[in-house]
Amino acid sequence: MTNQYVTGVMIKRLRERIHLTQAELAEKINVTDKAVSKWETGRGLPDISLIEVLAKALGLSVIELLSGENITNKNKASKMSRASFYVCPVCGNMIQSTGEVLVSCCGITLPPLEAESADSNHQAKIERMEDEYFVTVPHEMTKSHYISFIAAIRDDGIEIKKLYPEQEAQAHFKIAGVKKIYAYCNRHGLFEYKR
């Protein structure tokens with residue numbers, strides 16, 4: 001990412017990708033072609049009031065434009081094995097994707113969580129009960145330190161059990177097709193469990 005909120009290099013690259021001249025882009029966003037030229041050569045930046053219309057004219061989201069990254073989902077098949085989780089540190093919102101995305105919440109661009117093997121404080125007990133896995137994480141569940149969710153990744157989908165402080169850190173998942181199980185601790189991150 002860049003230190004500037006939008007770069008001239010990116011504007012030029014995106015403009016050329018959709019085969020627009022500087023004059024054509026300028027007309028779409030109601031500025032002069034000289035203004036577009038200044039942006040692209042680094043002699044100025046677009047006013048913040050133009051960001052939404054500039055993003056639309058370039059065919060991307062405001063978040064992509066502001067981050068300096070054009071996100072293209074190359075994972076058209078949306079394989080479940082490529083699932084990613086994102087958690088907002090401000091509000092605790094959890095977002096899940098099965099392909100490359102740019103996720104923003106509470107004004108923050110969120111990185112995908114990187115799963116680790118469970119340490120001794122985050123071990124899970126995974127029991128088979130008929131056609132289900134019963135997952136229990138013996139972890140404190142206070143308002144300041146808790147397991148926020150437990151998830152099962154299947155061949156055909158993702159099942160997420162949202163958890164809250166002062167309840168048990170446990171979940172039931174149908175066994176059929178489960179490939180991976182994860183739990184997220186609000187202080188220590190995402191943990192992956194072997195079945």
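Analyst: Let us begin with Tyr-193, which counts as buried at 6% relative accessibility, where buried means under 20% relative accessible area, exposed means over 50% and partly exposed lies in between, computed with a 1.4 Å probe on protein chains only. This is a predicted model, in which local features need pLDDT of at least 70 and side-chain atom pairs count only at pLDDT 80 or more, while totals for chains, interfaces and linings use all residues. Residues are numbered from 1 along each chain as its sequence is written, and side-chain values use heavy atoms, with hydrogens and water left out.

Tyr-193 belongs to strand S12; strands (E, at least two residues) and helices (H or I, at least four) are DSSP runs numbered from the N terminus. Along the chain Tyr-193 and Lys-179 are 14 residues apart, and their C-alpha atoms are separated by 10.0 Å.

Tyr-193 is also a member of the largest nonpolar core, which has 20 residues, and it is listed with Val-137, Ile-147, Ile-150 and Ile-181 as those that touch the most other members. A nonpolar core here is a set of buried Ala, Val, Leu, Ile, Met, Phe, Trp, Tyr and Cys residues joined through side-chain atoms within 4.5 Å. At least two residues of this core come from each of S7, S8 (147–154), S10, S11 (178–185) and S12 (189–193), and S11 gives the most, with four residues.

Strand S10 leads on to a charged pair. Lys-174 forms a salt bridge with Asp-131, with the closest N and O atoms 3.0 Å apart; a salt bridge is a side-chain nitrogen of Lys or Arg within 4 Å of a carboxyl oxygen of Asp or Glu. Because Lys-174 lies in strand S10 (residues 170–174) and Asp-131 in the loop between strand S6 (125–129) and strand S7 (132–136), the pair ties together parts that are 43 residues apart in sequence. Lys-174 is partly exposed, with a relative accessible area of 42%, and Asp-131 is partly exposed as well, at 41%.

By this rule the count comes to five salt bridges. Another of them joins the side chains of Glu-159 and Arg-154 at 3.0 Å, N to O; Glu-159 counts as partly exposed at 30% relative accessibility, whereas Arg-154 counts as buried at 10%.

In helix H1 (residues 8–17), the buried residues are Gly-8, Met-10, Ile-11, Leu-14 and Arg-15. Seen down the axis of H1, these buried residues fall within an arc of 160 degrees, so they line one face of the helix, the arc being that of the directions from the helix axis to the C-beta atoms. After H1 comes His-19, whose phi is positive, near 60 degrees.

Two further residues show a positive phi. Asn-30, which is not a glycine, has a phi of about 65 degrees; Asn-30 sits in the loop between helix H2 (22–29) and H3 and counts as exposed at 73% relative accessibility. Glu-166 has a phi near 70 degrees, lies in the loop between strand S9 (158–162) and S10, and is exposed, with a relative accessible area of 63%.

The largest pocket has a volume of about 210 Å³. On a 1 Å grid over the protein atoms alone, a pocket is an open set of points where a 1.4 Å probe fits, with protein on both sides within 12 Å along at least five of seven lines, and lining residues have an atom within 4 Å of a point. Grid points are joined across faces, edges and corners, and the volume is the space filled by probe spheres set on the points. Among the lining residues are Val-87, Cys-88, Leu-110, Tyr-146, Ser-148 and Asn-186. The lining divides into nine nonpolar, three polar and no charged residues, where Ala, Val, Leu, Ile, Met, Phe, Trp, Tyr, Cys and Pro count as nonpolar, Asp, Glu, Lys and Arg as charged, and the others, Gly among them, as polar.
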